[in-house]
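Here is a short briefing for a first look. Keep the sequence and the model side by side as you read.

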Amino acid sequence: MSRIAYVNGRYLPRERAKISVEDRGFQFADGVYEVCEVREGSIVDERRHMARLDRSLNALHIARPMSPAALAVVMRETIARNRVRDGIVYVEITRGAARRDFPFPANTKPTLVVTARGNDLSRLEQLAADGVAVVTVPDIRWGRVDIKTVALLPNVLAKQQAREQGAREAWLVDEQGRITEGASSNAWIVARDGKIVTRPLGQDILPGITRSVVLDVIKAQGLAVEERAFTLEEAYAAREAFITSASQIVLPVVRIDGRPVGNGAPGLIAAALRRDYHRHAEIS
Ligand code: PDD
């Protein structure tokens, strides 16, 4: 079965789906995106993802290419045409195609691309059971990473370095030696005092949707949480560590820069948060 992509009003086999060479997403990374989990054919946390998409568009003054209701239909149609049961749906909106010039072009229609693909659930479950390794790299990104733009080159380089060092994720470290977040996930530890710690929202991290739902799960479980920046030293000394993102939910981190976290096995808190996640998420 050929994979289908939605591009500016048409559903096409992926090989025939094209955008302009003058697209500003291609030339300037002038675009935003969202990734939602698809579970048993339904979209997880769609309302929160779409609210963040609106926030990203507003921050960059990019017009909405279609109404929220129409986009919801296109996302479902793309999921259905690709026969995705468990996986992700990807939405990208750029400022559109125009003669290359830095300022915003006038009267340009935004580009909308929607794709969907399945995930190997058994592999994800294996990663959850085994835990993953992370390595740390300096955070060299721009000052507004709270906007979910497609300008992901520092994230790509960090992730590549992680892969070359045998790790699944890179944790980005700010100039004060504190973790900001992962290259494509939010970062968490369970500190020595038993409190769950994650960096507070600000312009220096993406406001993860999974992060926000995990905070709800933590409250429902009556666990202690502190939203504050934590240092690399604290992370090395943590009882547990884990990452969150829409495509992976909660994955335990068992090694940071080659050092075991806690006893080197996945932690109980990460496992409990992963187990209860979908009872707190909105599934539509
Ligand atoms: N990445 N931080 C960064 C830098 C991210 O790219 C992501 C998501 C997250 C987690 O956000 P959420 O919980 O809303 O998925 C945090 C997506 C999945 C990606 O680029 O594939």
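Is L12 buried or exposed? L12 is buried, because its relative accessible area is 10%, and the cut-off for buried is under 20%. Keep in mind that this is a predicted model.

**L12 and its surroundings**
- L12 sits in strand 2, which covers residues 10-13.
- Leaving out residues up to four places away in sequence, L12 touches R3, I4, A5 and A17.
- E22 lies 10 residues from L12 along the chain, and their C-alpha atoms are separated by 20 Å.

- Six strands form an open sheet with antiparallel pairing, in the order 2-1-6-5-3-4.
- Strand 2 and strand 4 (42-43) are at the edges; each has a single partner strand, so one side of each has no neighbour in the sheet.
- Strand 3 (residues 31-39) and strand 4 run antiparallel and are joined by two bridges.
- R39 stands opposite S42 of strand 4.

**Helix 2 on the sheet**
- Helix 2 spans residues 46-60 and lies across strand 3, strand 4 and strand 5 (87-94).
- Its direction is at about 175° to strand 3.

**Helix 6**
- What span should the 12 residues of helix 6 (residues 209-220) have? At 1.5 Å a residue they should span 16 Å, and the end C-alpha atoms are 17 Å apart, which agrees.
- The buried residues of helix 6 are I209, T210, R211, V213, V214, L215, V217 and I218.
- An α-helix has 3.6 residues a turn, so residues three or four places apart point the same way.
- After helix 6 comes G222, with a positive phi near 70°.

**The second largest pocket**
- This pocket has a volume of about 260 Å³.
- It is lined by 17 residues, and the closest to its centre are E37, R39, L121, E125 and H278.
- Which elements each supply at least two residues of this lining? They are strand 3, helix 4 (121-130) and helix 8 (268-280).

**The cavity**
- The count is one cavity of 30 Å³ or more.
- The largest cavity has a volume of about 40 Å³.
- Its lining consists of E37, V44, D45, H49, T210, A246, I249 and Y277.
- E37 is also among the residues closest to the centre of the second largest pocket.
- T210, one of the lining residues of the largest cavity, is a buried residue of helix 6.

Note on methods:
Residues numbered from 1 in each chain as written. Predicted model: local features only at pLDDT ≥ 70, side-chain atom pairs only at ≥ 80, totals over all residues. Heavy atoms only, no water. Helix = DSSP H or I, 4+ residues; strand = E, 2+ residues; numbered from the N terminus. Buried < 20%, exposed > 50% of the residue type's maximum accessible area, 1.4 Å probe, protein only. Contact = heavy atoms within 4.5 Å. Pairing = 2+ DSSP bridges. Axes fitted to C-alpha atoms, helices over the stretch in contact; angles between N-to-C directions. Expected span 1.5 Å × (residues − 1). 1 Å grid on protein atoms, 1.4 Å probe; cavity = no way out; pocket = protein on both sides within 12 Å on 5 of 7 lines; lining within 4 Å. Points joined across faces, edges and corners; volume = space filled by probe spheres on them.
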